[in-house]
Amino acid sequence: MLFEVANLTKRFDGLTAVADLSFSIAHGEIVGVFGPNGSGKTTLLSLIAGMLVPTAGRIVWKDREIQGAKPHDIAAAGVVKTFQNPQLFAELSVFEHLMIAGHLMLKRRLGWRRAATLFNPDTGHAGADLEKRATDVLRLCRLEAARDQAAAGLSYGEEKMLGVAMALMCEPELLLLDEPASGLGQPEIENLEAVLRDLRSHGTTLCVIDHKVGFLGKLADRAISLHHGAKIAEGTPAQVLNDPRVIAAYLGQHHA
Amino acid sequence: MRLVLAAAAFALLPLVVKSDFILTILVFSFLLGMLAVGFNLIFGYTGQLSMFHAAAFGISAYATYLSMTHWGTSFWTGMLIASALVLALSVIVGTICFRFRLKEFYFAVVTLAFSEMARLVVLNWNGVTNGTLGIILQEKPNIWLPGQGLVKLEGTLMWYYVSLVALALTVIVCLRLVNSWMGRCFAAIRLNDELGDTLGINVFRYKLAAFVVGNIIAAITGGLYAFYLGSIEPGFLSIDQSLAIVAMVLLGGRGAVAAPVIGALVLTALPHMIHLGAELRSIVYGAILILTILLMPQGIYGTLALLGRRRAV
Amino acid sequence: MGQLIVGQLLNGAIVGTLYGIIALGVTLTFGITGIVNFALGAFMMLGCYMAWYLTDGVGMPYPVAVVGAVAITSLAGLVADQTLFRFTRNNLVNGLLVSIGLIAVMEGAALLIWTSTPKNMEYVWPGVFMVAGLVVPKMKLLVVALLLAVILATYAALTRTWIGRAAYAYAQNPEAAELMGVRTKLLQSGVVVYSTGLAGLGGALYASLYSIDPTLGAVYILKAVEAAILAGIGSVMGSLFGGVLLGVTEGVGSIYLPIAFRDAYGLVFLVAILLFKPAGLFAGRK
């Protein structure tokens with residue numbers, strides 16, 4: 001198995017955000033994790049990406065336990081996450097964002113030899129490769145028009161897409177997306193879907209979390225439903241959607 | 001391009017300006033400018049308000065002298081040893097601060113604390129540092145000149161060129177760093193370190209890199225400055241010295257590698273150009289600091305660049 | 001030896017209360033405006049000189065002079081707030097540097113007006129108490145009592161009154177407090193001015209005990225910041241305890257270690273606290 005979560009638990013001062021959760025993801029899959037607001041989805045991604053340390057349980061990536069590792073080490077190992085609310089380097093341009101996000105690419109290509117590029121920028125064609133990759137990602141994410149715009153001036157949809165674009169620059173093997181479609185208009189969602197399908201066709205494994213099922217239903221091979229941090233259903237999106245416990249969880253939220 | 005022109009202008013200046021007074025001011029400005037440019041790597045580019053700068057500067061000044069007198073090394077070897085010492089200290093202080101994720105005010109306070117501890121040691125280690133009185137340096141470093149061989153580094157004109165070259169090299173090194181992938185890591189840390197972390201940037205490593213490089217530049221400056229001035233005293237390591245560097249960077253501008261040199265020029269030249277007592281000088285210095293922050297937060301360079309852009313549009 | 005230690009404990013406690021009153025200003029200002037006002041040391045110096053000038057120069061009785069000094073210092077604080085600090089709210093670096101600029105201006109002005117020669121006030125209240133064979137000047141006890149009263153009153157005001165609760169609510173969650181009707185700007189200016197007033201009071205009382213010079217604020221503000229961090233920024237009673245702890249350590253420490261390193265204790269404390277208990281010794285309390 002490419003990726004596995006076993007008995008993962010996270011408690012904050014008595015509140016259990018993730019409760020004894022276990023699931024796995026195979027190479028090339030798109031797995032959707034959904035649940036109502038406050039069901040522990042974002043906490044789950046933060047745990048996987050190393051931004052939080054779990055209270056108990058294991059996270060296994062390529063047969064290596066990674067729970068509690070530093071975010072940058074996890075990213076370097078190939079697991080990259082995006083943020084629900086886009087996190088950006090406000091005053092930099094879109095292209096500069098991608099060049100920063102290309103850090104891992106340089107690191108993988110050159111290793112310690114990247115120190116040499118400080119004196120000779122052309123070492124190993126690193127700079128040129130990076131720029132080419134950034135241009136490709138811009139095209140894929142349809143951000144070419146905004147290339148030299150400062151991130152502070154982007155629309156919300158563009159900001160979210162830039163988040164995905166930066167994650168792509170990290171050349172992830174497992175990409176974790178935190179509510180990528182929330183706040184987007186229909187054309188932007190279609191654009192996003194196209195990008196994600198393209199990623200899958202190139203062998204990237206995806207784990208997408210969202211609170212509404214619609215977007216995930218079309219895209220995911222498999223769905224997992226969370227409620228109060230615990231898994232209440234797993235299966236094809238259609239199966240999970242019709243699971244009575246899932247319906248109850250959503251209904252419960254509507255009544256609350 | 002503008003930098004090359006500026007460097008050429010300064011290189012030719014002594015042909016026109018023969019005043020020892022003006023050239024002396026410029027030597028001090030170049031050296032302090034070098035200090036400020038190095039500090040700006042940490043402060044302006046990586047976003048960490050370090051107060052360790054005066055310590056790096058002062059420790060190196062003392063260490064250069066001590067290695068010369070106790071081990072009989074040359075000035076340049078002494079400077080190398082002093083820089084190695086500052087490198088080691090910076091790694092220790094930086095590791096402590098960054099491992100414990102001290103940020104903003106807390107980082108400033110802890111680096112200040114280490115800097116003060118260093119000053120107290122220098123102040124009280126009378127047998128070695130001569131305490132409050134400081135040390136008079138009579139020796140001058142040797143340098144090799146084409147056609148003349150090894151000569152003593154003496155006189156304002158020679159120091160003028162040595163400090164100009166040192167400043168130019170500092171600016172070149174910093175430009176290289178800032179425009180490289182490492183400079184992008186610095187920017188990521190300054191603007192959003194959490195995001196940088198998830199993008200695979202080892203925030204700790206590059207914070208430390210900026211801190212260490214900045215302090216080594218300070219260390220090199222420390223040796224040169226002390227031997228040009230001809231004396232060392234514990235005030236080299238004072239809080240006021242650290243703050244003076246911050247003021248130069250703010251006044252010159254944080255956003256460009258060489259901009260702090262403008263601040264160094266103004267703050268070094270101004271007190272000498274208009275004759276003021278120490279008290280009035282302190283008032284003027286304070287007023288400049290306050291007015292810069294409130295009215296010109298981008299510094300002289302940033303403000304001029306902004307005006308230039310507006311005119312172009 | 002025992003007497004020496006008790007004597008140093010007492011001296012440390014007195015100096016520590018002075019650290020505490022400035023630290024209280026540091027803590028309050030940081031909690032409400034998000035900046036560290038390093039110029040509080042300079043305001044303390046202003047308080048010293050005003051008390052000295054009003055008694056020895058103008059000839060007022062000392063208690064009136066203290067009130068006058070506090071009023072003048074607060075007024076200076078108000079001017080500084082409206083012309084400078086108003087523009088640096090929640091901008092730590094700018095606030096820090098503006099306050100440092102202000103120190104340079106105030107110290108320079110003080111040196112111009114009063115020169116660097118230390119000034120001594122006439123003894124306000126001569127005489128000593130003899131407590132268990134120890135000599136304790138009456139004035140020192142009075143100063144400590146007054147400072148303690150002010151710190152306790154501030155604590156009571158913050159916990160018991162509407163203004164205090166508003167301030168506390170604001171420090172916890174500015175947006176929510178604003179929605180609940182806390183008048184942010186007034187509160188922020190009020191706290192900046194109150195803190196300068198506290199520093200002025202500390203200075204006015206200090207002037208009756210020790211000789212004064214224009215640079216005395218620098219030491220006190222450093223110690224106050226150390227005390228505030230030691231206790232955990234935001235803690236009112238903590239700033240008092242932090243100040244006293246620091247003062248006592250310095251006093252007792254100088255019996256055993258060279259006096260030259262007295263200023264290092266606070267620094268060592270500070271680093272240790274920030275590394276191992278960053279919320280401060282009194283974390284969790286108000």
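## Basis and confidence

Residues are numbered from 1 along each chain as its sequence is written, while chains are lettered from A and ligands numbered from 1 in the order in which they are written. In this predicted model, local features need pLDDT of at least 70 and side-chain atom pairs count only at pLDDT 80 or more, whereas totals for chains, interfaces and linings use all residues; side-chain values use heavy atoms, with hydrogens and water left out.

## Chain B with chain C

Contact here means heavy atoms within 4.5 Å. By that rule, 33 residues from chain B and 36 residues from chain C take part. The two chains bury about 3,000 Å² between them, 89% of it on carbon and sulfur atoms; buried area is the accessible area (1.4 Å probe) that two parts lose on being put together, summed over both. On the chain B side, Phe105(B), Tyr106(B) and Ile290(B) lose the most area to chain C, together 20% of what that side buries.

The interface of chain B and chain C has 0 salt bridges, a salt bridge being a side-chain nitrogen of Lys or Arg within 4 Å of a carboxyl oxygen of Asp or Glu. There is 1 residue pair in polar contact (both at pLDDT 80 or more). A polar contact is a pair of N or O atoms within 3.5 Å; within protein, one must be able to donate a hydrogen and the other to accept it, and residues adjacent in sequence count only if both atoms are side-chain atoms.

## Chain A with chain B

In this interface, 30 residues of chain A are in contact with 24 residues of chain B. The buried area between chain A and chain B is about 2,400 Å², with 65% of it on carbon and sulfur atoms.

The rule finds 1 salt bridge across this interface: Glu91(A) pairs with Arg190(B), their closest N and O atoms being 3.2 Å apart. Between chain A and chain B there are also 5 residue pairs in polar contact (both at pLDDT 80 or more).
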